[in-house]
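The report below describes one protein model for a reader who works with coordinates. Please keep the sequence and the 3D view open while reading.

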Amino acid sequence: MNNTFNIKRFGKLIRQQYQLSGKNTALAILSIFIVYTLILMSFTYKYSHIRAVEWIPFFFMLNLGVALPFAGYAFPAFRSKEKTFDYLLIPCSLTEKFTLNLIIRLLLPWVILPIIFYISAHLAAELALWYAPGRSIAALSPIKLMEHLESDRAMAMITVIVLMVLISQSILFAGATVFKQKPLIKTLVTLGITAAVVILYFYVIIEVADTFKTGKMPWVAKIENKETALNFLIGLELVLLTTTWAYAFFKVKEKELT
């Protein structure tokens with residue numbers, strides 16, 4: 001039997017997790033739907049003219065507001081020693097447990113949350129039109145929005161944004177493997193300190209040390225082709241994403257060994 005990843009064993013792990021948290025998940029989805037609908041109803045009632053593109057800010061704000069904290073509290077069993085011990089004793093490989101958490105905490109929200117948002121947006125629009133028939137409210141339409149994204153550069157920008165979101169989730173996800181208590185808050189504080197150090201470093205080499213006072217520019221700034229710059233950025237994001245996942249994996253493995 002494959003001790004790294006077995007599809008039948010992985011299926012049993014999914015069923016077990018569903019039995020343990022299926023009801024709580026259903027309640028959470030219902031709560032998110034209610035909150036989304038209430039927020040979007042306030043939006044549709046406030047404005048009499050709404051274009052399809054105007055739903056996009058709400059899409060990102062609401063979904064990120066749920067997806068990021070959800071990733072930050074991955075591996076809930078790690079919050080206590082007893083639950084950690086029980087979790088590590090589950091008869092599945094580390095790869096299977098890690099993969100399931102990766103799917104549930106990072107990828108699955110971007111399947112479920114857009115569906116919830118789509119239904120909530122349409123419900124909010126219909127209720128607003130029922131309350132005031134004279135309003136002009138364009139329903140959220142993914143097809144119409146995609147019509148504006150036909151160029152290769154636009155698709156490359158979408159790829160950059162998607163990877164950036166995944167990286168943000170993955171960093172919080174990795175933080176949940178490091179900190180036992182309040183992982184989201186501690187990870188955000190750590191990120192804040194790291195960002196401050198990086199900003200200070202660049203301030204020193206640019207403003208204090210006058211590194212580029214002679215007009216010399218870093219090699220990255222010399223990339224003139226925008227497509228090359230986008231491809232370089234995408235490659236850099238893929239490396240960062242893979243590194244973050246690898247770090248989280250080995251932190252979980254470290255708990256298994258200790």
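Predicted model: local features only at pLDDT ≥ 70, side-chain atom pairs only at ≥ 80, totals over all residues.

Residues are numbered from 1 along each chain as its sequence is written, and side-chain values use heavy atoms, with hydrogens and water left out.

**Overall layout**

The protein chain has 9 helices and 2 strands, where helices (H or I, at least four residues) and strands (E, at least two) are DSSP runs numbered from the N terminus. Along the sequence these elements follow the pattern α-β-α-α-α-α-β-α-α-α-α. Of the 258 residues in the protein chain, 33% are buried, a term that means under 20% relative accessible area, with exposed meaning over 50% and partly exposed in between (1.4 Å probe, protein chains only). Among contacts in the protein chain with a separation of 6 or more, 78% join residues 24 or more positions apart, contact meaning heavy atoms within 4.5 Å.

**Helix α2**

Helix α2 covers residues 56–72, has 17 residues and spans 24 Å from its first C-alpha to its last, close to the 24 Å expected at 1.5 Å a residue; the expected span is 1.5 Å times one less than the number of residues. At L64, α2 bends by about 30 degrees, the bend being the angle between axes fitted to the seven residues ending there and the seven starting there. The buried residues of α2 are F58, L62, N63, A67, A71 and G72.

**Packing of α1**

The axes of α1 and α2 come within 12 Å and cross at roughly 150 degrees, so α1 is roughly antiparallel to α2. This contact is made by I32, Y36, I39, L40 and F43 of α1 together with F58, L62, N63 and V66 of α2. Helix α1 (residues 7–46) also packs with helix α5 (residues 109–131), at an angle of about 40 degrees and with axes 8 Å apart, which makes α1 oblique to α5. The axes are lines fitted to C-alpha atoms, for helices over the stretch in contact, and the angles run from 0 to 180 degrees between N-to-C directions; those under 35 degrees count as roughly parallel, over 145 as roughly antiparallel, 65 to 115 as roughly perpendicular and the rest as oblique.

| Residue | Helix | Relative accessible area |
|---|---|---|
| N63 | α2 | 0% |
| A67 | α2 | 0% |
| K251 | α9 (residues 226–257) | 18% |

Setting aside residues up to four places away in sequence, N63 touches Y36, F58, W110, L113, P114 and F117. The C-alpha atoms of N63 and I112 are 9.8 Å apart in space, although the two residues are 49 residues apart in sequence. A67, with its neighbours within four places in sequence likewise left aside, is in contact with P109, W110, L113 and Q169, and its C-alpha atom is separated by 9.3 Å from that of L107, 40 residues apart along the chain. K251 counts as buried because its relative accessibility is 18%, and, leaving aside neighbours within four places in sequence, K251 is in contact with T177 and V178.
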